[in-house]
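Subject: Structure handover

Hi,

Here is the structure I promised to pass on. Please load it before reading my notes below.

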Amino acid sequence: MTAARRVLVAVGLPVALLALWWVASADSQSFYLPPLRQILEAFADVWLGPRLVDDVLPSLARLLAGLALAAVAGVALGVVVGGSLRLRAALEPVLEFLRAIPPPVLVPIFILVAGIGTTMKVLVISSGCLWPILLNTVEGVRARDEVLEDTCRAYGIRGPARLRHLVLRAASPQIVTGLRQALAIGIILMVISEMFAASSGLGFTIIQFQRGFAIPEMWSGILLLGLLGVVLSLGFRGLERWVLGWYHGLRRAQRGPS
Amino acid sequence: MRPGRRQRWWLGASGLLGFLLLLELVPRAGLVPDRYLPPTSRIAGALADELGEPAFWRALGDTLQGWAVGLALAVGAGVGLGLLVGSVPALRAATSSTIEFLRPIPSVALIPLAVLLFGTDLRSKLLLVVYASFWQVLVQVVAGVRDVDPVAMDTAHSYGLGRWGRIRHVVWPTALPYAMTGFRLAAAVALILAITAELIIGSPGLGREIAVAQTSGAVPAMYALVVVAGLLGVGVNLAARALERQVLAWHPATRREAP
């Protein structure tokens, strides 16, 4: 397939769907389903003004802070737990339980402890993101290559060098998988921590629009959240390709020329 | 030395016991104020109280109902559309970018819409649950159908199997393990979204009870309900895994794992 045709196939359906939405809603009288034109106008008015700096960017900053905190804690704990059979056996039931708690119920707990400020939101995001990162790191550390492990021992590689070249490297594909799962949970928690109790932020603003029956603005907020989800996941994929380039190359080489 | 099966069980049980003991001692020693984190024994007491309340069982039933109905709808739609999209290459090529675009849209973005359209009705909850879990199933089933062995397909062709025969005997067995993975993921996601809907929108269920307990300052009751939500999550995970093992008992990967 030529490049032009591939692009055509990829954008064809989305463009057709958007056109359909545009045309079908063009003279919509329904209060809840305004014309797409109005939604896009509202989008430009609402989100490209001061709200971008006041609401959107702080929300994203909290998401990234929470994710970073969870990544550091999750990888550190994961390396410790994954490295010891006994520790893993002892902690497994507790971790299974903590992981199974639906993360949104953490919001009321952290409101109790930390109020409704930034601290609460970052804590909620990071404690929801912790489990996928932690459990995937444990799995990755556990499944490291035995030959490499013996080689390291034979060459007397230990301490930080062993951690960096053997343990973290072996676990990195799994860590990245955990981060990807954590990102999806993090976005959810970012939005609902602001919807539940806040005075600014993306989720708060959208709920305000809904409560004030500012319908085109509300739709533009839904659109923005969708776009953010897509952009973050594309960005993450780019990052993954960069960080795990060696791994995908290795897998391709192992599979042989195809 | 590798700990044996029995020893692992003991380690796990003592880990759990240690965790509970820690949560009992930390607030009692005053490290954390007990209005933030009540000791385990008080949470257990509140849990026992809840178990005696008909309202608690009603909330649990509401949560499970939203979860089960939403999951069933998502799995039905995901498997049906997945088989269709996966088996027609042109359709797969045309829809892949749209699926990749729609999938990462966080379903919590639909909360305001759900509130406007359905209020605190069950349908609000279902909208969120179905949207979130549908993609998990769809993506897995499409990948599964794509994985069908071309030789097996050609063989089925030469033996004169019709369209349904091929789907039943070639496509389905290949896609089933993928579909079960999708189901397992969807079951967990559906529970998260059901409870989110209750927490944020106020649909009846455990999530709403937690929000009510928090605003009324009933801290031990709130923790007790969080524990119930966690146990529900564990139950859902275990049940999905057991079902997966049962359904895929014939699959080589499962047979190899069997003791």
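What follows is what I found, starting with the chain contact.

Keep in mind that this is a predicted model.

Chain contact. 46 residues of chain B are in contact with 46 residues of chain A. On chain B, the elements giving two or more residues to that side are H1 (5-28), H4 (89-102), H5, H8, H9 (206-215) and H10. H10(B) gives the most, with 8 residues. By class, the side of chain B that touches chain A has 32 nonpolar, 12 polar and 2 charged residues.

Helix H5(B). This helix spans residues 111-118. Its buried residues are Ile111(B), Pro112(B), Leu113(B), Ala114(B) and Val115(B). They pack against helices of both chains: H8 (159-196), H9 (202-211) and H10 (215-243) of chain A, plus H6 (122-146) and H8 (163-200) of chain B. Gly119(B) follows H5(B) and has a positive phi, near 65°.

H8(B) and H10(B). How do the axes of these two helices cross? They come within 10 Å and cross at roughly 165°. Angles over 145 degrees count as roughly antiparallel, so H8(B) is roughly antiparallel to H10(B). The crossing is right-handed. On H8(B), the contact residues include Leu176(B), Met180(B), Phe183(B), Arg184(B) and Ala187(B). On H10(B), they include Leu232(B), Gly233(B), Val236(B), Arg241(B) and Glu244(B). By class, this contact has 12 nonpolar, 2 polar and 3 charged residues.

Best wishes

Note on methods: Residues numbered from 1 in each chain as written. Chains lettered and ligands numbered in written order. Predicted model: local features only at pLDDT ≥ 70, side-chain atom pairs only at ≥ 80, totals over all residues. Buried ≥ 20, exposed ≤ 12 C-beta atoms within 10 Å, placed from the backbone. Helix = DSSP H or I, 4+ residues; strand = E, 2+ residues; numbered from the N terminus. Contact = placed C-beta atoms within 7 Å. Axes fitted to C-alpha atoms, helices over the stretch in contact; angles between N-to-C directions. Parallel < 35°, antiparallel > 145°, perpendicular 65-115°, else oblique. Left-handed = near helix turned anticlockwise from the far one by under 90°. Nonpolar A, V, L, I, M, F, W, Y, C, P; charged D, E, K, R; others polar.
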